[in-house]
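Here is a short tour of a two-chain model, written for someone meeting it for the first time. Have a look at the picture, then read on.

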Protein chains: 2
Amino acid sequence: MTDLARTSDHVAALRALLGERSVLIGSDMAGYEAGARHSGGRAAFVMRPRTTADASAAVAYCVRHKIHIVPQAGNTGVVGASTPDATGTQAVMSVELLVAPWELDLENRSVHCGAGLRLSELNARLEPHGLFFPIDLGSDPQVGGMLSTNTGGSRFLKYGDVRRNTLGATVVLADGEGTVLDLSSHLRKNNVGVDWKHIFIGSAGAFGVITEAVLSLERRPRQSAVAILVPSNGESMLPLLLALEDDIGPFLSAFEGMSRESIVETIAHQPTIRSPFSGRTVPDYSILCEITRNWDPREDELPISEMLEQSIARVWETGLIEDAVFGPPEEIWRLRHTISEAVRLAGNLVAFDLAFRRSDLMPFLARMRKDLGKDLPDIRVCDFGHLGDGGVHFNLVVPSVGGQPLDPNFERELRDRVYRIAVEEFGGSFSAEHAIGRKNQRYYDAFTPAAVVDVATAVKAAIAPGAIGAARYHRALNPPVPQS
Amino acid sequence: MTDLARTSDHVAALRALLGERSVLIGSDMAGYEAGARHSGGRAAFVMRPRTTADASAAVAYCVRHKIHIVPQAGNTGVVGASTPDATGTQAVMSVELLVAPWELDLENRSVHCGAGLRLSELNARLEPHGLFFPIDLGSDPQVGGMLSTNTGGSRFLKYGDVRRNTLGATVVLADGEGTVLDLSSHLRKNNVGVDWKHIFIGSAGAFGVITEAVLSLERRPRQSAVAILVPSNGESMLPLLLALEDDIGPFLSAFEGMSRESIVETIAHQPTIRSPFSGRTVPDYSILCEITRNWDPREDELPISEMLEQSIARVWETGLIEDAVFGPPEEIWRLRHTISEAVRLAGNLVAFDLAFRRSDLMPFLARMRKDLGKDLPDIRVCDFGHLGDGGVHFNLVVPSVGGQPLDPNFERELRDRVYRIAVEEFGGSFSAEHAIGRKNQRYYDAFTPAAVVDVATAVKAAIAPGAIGAARYHRALNPPVPQS
């Protein structure tokens with residue numbers, strides 16, 4: 001906790017450490033206080049170190065002065081993990097200027113870079129080499145935030161998550177020394193003790209600030225083919241995925257489900273998007289299926305679009321497919337990538353980032369549609385997602401009455417209900433790829449086993465006692481003393 | 001520390017907890033005291049819990065009575081991570097009877113199983129479903145040991161390591177309660193706080209005993225083709241790998257280097273193995289290159305052997321290949337898998353399990369050959385390994401004088417020299433896939449940054465204060481009090 005009188009002292013001291021323009025106050029902080037999709041808070045000040053050493057000095061200063069640090073990268077997250085709370089006492093540490101080093105190793109297919117590098121900039125630099133970082137997202141985060149949330153994206157099925165594509169990281173621990181942990185291995189195989197980088201990946205700044213990363217790179221696809229598949233019914237969705245994995249697995253790069261409601265709302269609210277089912281009824285569920293090859297077309301191979309058609313023809317014989325629509329890949333992907341913004345225009349959106357065993361996903365969706373249809377028939381379920389890895393963006397659109405926002409109590413009850421069913425009845429995840437922030441802290445607290453919270457609390461006290469992060473994985477560090 | 005008088009009390013107490021036959025003493029312990037390739041130690045007793053609950057009770061008992069536990073699974077490791085030391089005071093906890101549950105989820109492509117299940121048994125149960133756990137090894141470990149060492153194997157290039165193929169784990173922490181951490185997620189996407197399973201994977205029992213695992217499964221290959229490629233010289237090795245990755249990447253499942261010396265010694269000492277170069281000189285370096293498909297042959301595709309031939313023909317134009325030899329896959333793999341035992345017959349073996357950036361591997365090998373050739377010309381470098389992921393089994397064969405074992409001081413100096421160059425000059429790993437045990441503890445202590453040891457020490461004290469594991473990642477828990 002810091003009082004206002006002392007804030008200016010802190011700013012002066014940190015400016016002496018980091019440089020004048022590296023500590024922002026007043027209206028310069030606006031962009032760092034507001035998050036991508038939620039009301040922001042207020043920061044005491046914003047630090048922008050340019051190097052790991054500067055980040056270390058600033059973290060040490062803050063921890064010693066008991067200033068709560070909220071690490072921030074691209075600030076594109078949606079769960080309130082990268083913005084300060086409303087108290088005005090938390091200091092944001094933005095890594096946006098921390099873009100060095102840039103050490104590209106083509107033979108190792110890896111790059112050592114700063115946490116502030118944008119995904120778009122990273123991929124632009126890699127494109128001339130035929131490489132990319134294979135996390136496909138609608139937003140444009142920075143590297144540090146991608147590691148902190150361990151995001152997945154639309155090509156998870158083929159490439160996995162950020163964790164799988166991270167070789168090393170450099171971290172400043174939230175302790176009084178701002179200890180630098182150099183875990184910047186460039187190695188693909190390295191089992192020399194505990195691999196500590198994993199406690200920082202996906203944990204939203206729980207123990208420190210990620211300042212640099214070593215990323216594994218993939219060859220950029222050179223050809224792709226896309227089709228929209230209509231499964232014969234909800235039960236055939238997963239057998240269809242399994243059949244395609246058996247038939248054409250190494251080429252399969254996306255298997256993205258889109259509910260009828262999500263397509264209908266997107267077409268209704270985004271006039272540039274046309275229905276792929278031109279004129280016909282939009283089916284209950286359809287699947288964006290993509291295959292890619294990372295080489296140029298060859299004479300001795302089937303053209304990739306024919307390859308996809310033939311695979312679909314083989315799988316068709318199983319009776320799992322009712323219809324298949326082919327079209328320009330860009331147009332089909334544009335529909336898919338537009339859904340998440342379009343459903344926001346359809347009413348008051350209550351969005352969930354869930355994941356299940358692949359076998360549990362469709363049963364969960366059927367169950368929720370039935371349940372909600374009974375009690376709350378006005379709510380539209382506009383779900384879409386990454387069926388190949390069990391992830392679903394489960395979106396509930398509540399009709400907006402006179403443009404009014406949702407009653408917070410109603411929203412909380414709705415969230416509690418959905419999460420309870422997803423987690424307790426279906427063993428699902430309440431945060432598949434968005435990690436934990438203030439917006440879903442309540443569910444971490446509700447669903448995390450006591451033994452896991454105990455471990456987090458003990459480890460935090462042991463290695464990172466300073467107040468850091470918007471999320472809280474540990475029990476309160478200073479719980480009220482029980483009355484005896 | 002336990003004294004002999006009390007050992008029988010402990011055995012009686014643990015038998016009351018676990019059952020009579022679940023605690024072994026005397027000559028029944030022999031198989032648990034000796035390791036696969038190193039002189040074993042002596043155990044106080046051996047515990048064999050059948051369930052996680054039993055493991056928890058036994059761990060709690062041992063921690064409360066200050067008995068050092070050494071977890072053991074298949075005991076196939078080669079660094080002394082799974083056997084007791086020579087004091088006779090450490091208790092082995094074998095998970096071999098902990099084979100339940102067996103929960104196979106075909107749609108999710110995952111299985112929840114006990115830590116004592118053998119890899120061969122796991123794959124035998126999966127074969128009827130066309131699935132396998134894609135870690136390809138010469139030995140036959142149990143699941144718990146595979147997680148504890150995070151092994152890689154010969155198909156790492158395609159499937160990655162054990163970590164990448166592990167969805168969840170159940171762990172008994174080395175604390176006075178034997179706390180059970182249920183991290184047995186079946187989810188592929190799940191970012192709900194710190195993903196704690198990762199501090200147990202690859203860390204050789206540092207904090208507790210892995211009792212169950214949830215593994216991700218892969219489709220079993222249905223076709224394969226293998227060739228031995230002779231690169232035009234040492235410098236063309238990595239460009240050749242890159243060219244093949246560009247040309248045929250999704251099918252490439254192995255790119256295994258074999259030095260001339262390793263092949264020559266294998267042929268010399270294993271009469272059933274024939275040279276693939278029939279009559280011709282064995283080249284300085286050759287590569288086992290394998291591609292696989294996980295479907296049956298199809299009429300509209302090139303036969304897989306032709307596919308490999310055509311890919312090699314395309315790459316041949318780059319001038320990187322001098323020769324290519326085709327042959328029965330089984331025969332070529334038999335050569336490759338026999339090397340590691342055959343080189344043991346060639347003299348006194350000093351073996352290293354190293355990994356580098358892919359770009360550093362061949363320069364390291366060239367440097368070592370030159371260095372050793374100058375000072376120790378009698379030593380033969382019989383290296384082979386997983387070039388695709390930077391890993392190399394760097395084997396030095398020292399001529400045996402009159403069947404005498406190596407002078408331990410000479411061996412230690414040799415090891416120190418190789419490791420120093422590998423780690424300090426080339427930034428390599430001194431344990432690529434064997435993890436840490438008593439045999440390479442010295443190098444953990446020498447090469448691990450102080451800040452990393454501090455983290456390990458603090459975390460150990462915080463969550464797993466009991467003495468556990470053959471490896472020691474932390475500073476001594478009770479260091480001598482400095483004289484003031």
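In what order do the five strands of the open sheet in chain A lie? The order is 5-6-10-8-9, and the pairing is antiparallel. Strand 5 (102-105) and strand 9 (180-183) of chain A stand at the edges with a single partner strand each, so one side of each has no neighbour in the sheet. On average, neighbouring strands here are turned by 15° against each other, if you ignore direction. Keep in mind that this is a predicted model.

Let's zoom in on one pair from that sheet. Strand 6 (residues 110-114) and strand 10 (residues 208-216) of chain A are antiparallel partners over five bridges. Within this pair, Ser110(A) has Ser216(A) as its bridge partner.

Now for a strand with several partners. Strand 19 (residues 391-398) of chain A is mostly covered, with seven of its eight residues buried. Here is who it pairs with:

| Partner of strand 19 (chain A) | Direction | Bridges | 
|---|---|---|
| Strand 16 (residues 348-355) of chain A | antiparallel | eight |
| Strand 17 (residues 380-381) of chain A | antiparallel | two |
| Strand 18 (residues 384-386) of chain A | antiparallel | three |

Asp353(A) stands opposite His393(A) of strand 19, Val381(A) stands opposite Leu396(A), and Gly385(A) has Val392(A) as its bridge partner. Strand 18 and strand 19 of chain A also make a hairpin with four residues between them, and Gly390(A) in the turn has a positive phi of about 80°.

Over in chain B, you'll find an open sheet of four strands in the order 1-2-4-3, and its pairing is mixed. Its edge strands are strand 1 (23-24) and strand 3 (69-72) of chain B, each pairing on one side only. Strand 2 (residues 43-47) and strand 4 (residues 90-94) of chain B are parallel partners over three bridges, and Ala43(B) stands opposite Gln90(B) in strand 4. Helix 3 (residues 52-64) of chain B packs on this sheet and touches strand 2, strand 3 and strand 4 of chain B; its direction makes about 170° with that of strand 4.

What about the inside? The largest nonpolar core has 272 residues, and those touching the most other members are Val59(A), Ile69(A), Ala91(A), Leu240(A), Val59(B) and Ala91(B). Take Leu240(A): leaving aside neighbours within four places in sequence, its contacts are Leu229(A), Pro231(A), Val315(A), Leu320(A) and Ile321(A).

Most residues other than glycine have a negative phi, and most peptide bonds are trans. Yet a cis peptide bond joins Ala100(A) and Pro101(A), with omega about -5°, and Pro101(A) sits in the loop between strand 4 (90-94) and strand 5 of chain A. In chain B, the bond from Ala100(B) to Pro101(B) is cis as well, with omega near -5°.

Ala204(B) isn't a glycine, but its phi is positive, about 50°. Is Ala204(B) buried or exposed? Ala204(B) counts as buried because it has 30 C-beta neighbours inside 10 Å, and the cut-off for that is 20 or more. Ala435(B), also not a glycine, has a positive phi of about 65°. This residue lies in the loop between helix 12 (408-425) and helix 13 (441-447) of chain B.

Finally, how do the chains relate? A rotation of 180° with 0.0 Å of shift along its axis superposes chain A on chain B, with an RMSD of 0.0 Å. The two copies are therefore related as by a two-fold rotation axis. The same surface serves both copies, since 100% of the contact residues of chain A recur in chain B.

Notes. Residues numbered from 1 in each chain as written. Chains lettered and ligands numbered in written order. Predicted model: local features only at pLDDT ≥ 70, side-chain atom pairs only at ≥ 80, totals over all residues. Buried ≥ 20, exposed ≤ 12 C-beta atoms within 10 Å, placed from the backbone. Pairing = 2+ DSSP bridges. Axes fitted to C-alpha atoms, helices over the stretch in contact; angles between N-to-C directions. Least-squares fit on C-alpha atoms with pLDDT ≥ 70 in both. Contact = placed C-beta atoms within 7 Å. Core = buried A, V, L, I, M, F, W, Y, C linked by C-beta atoms within 7 Å.
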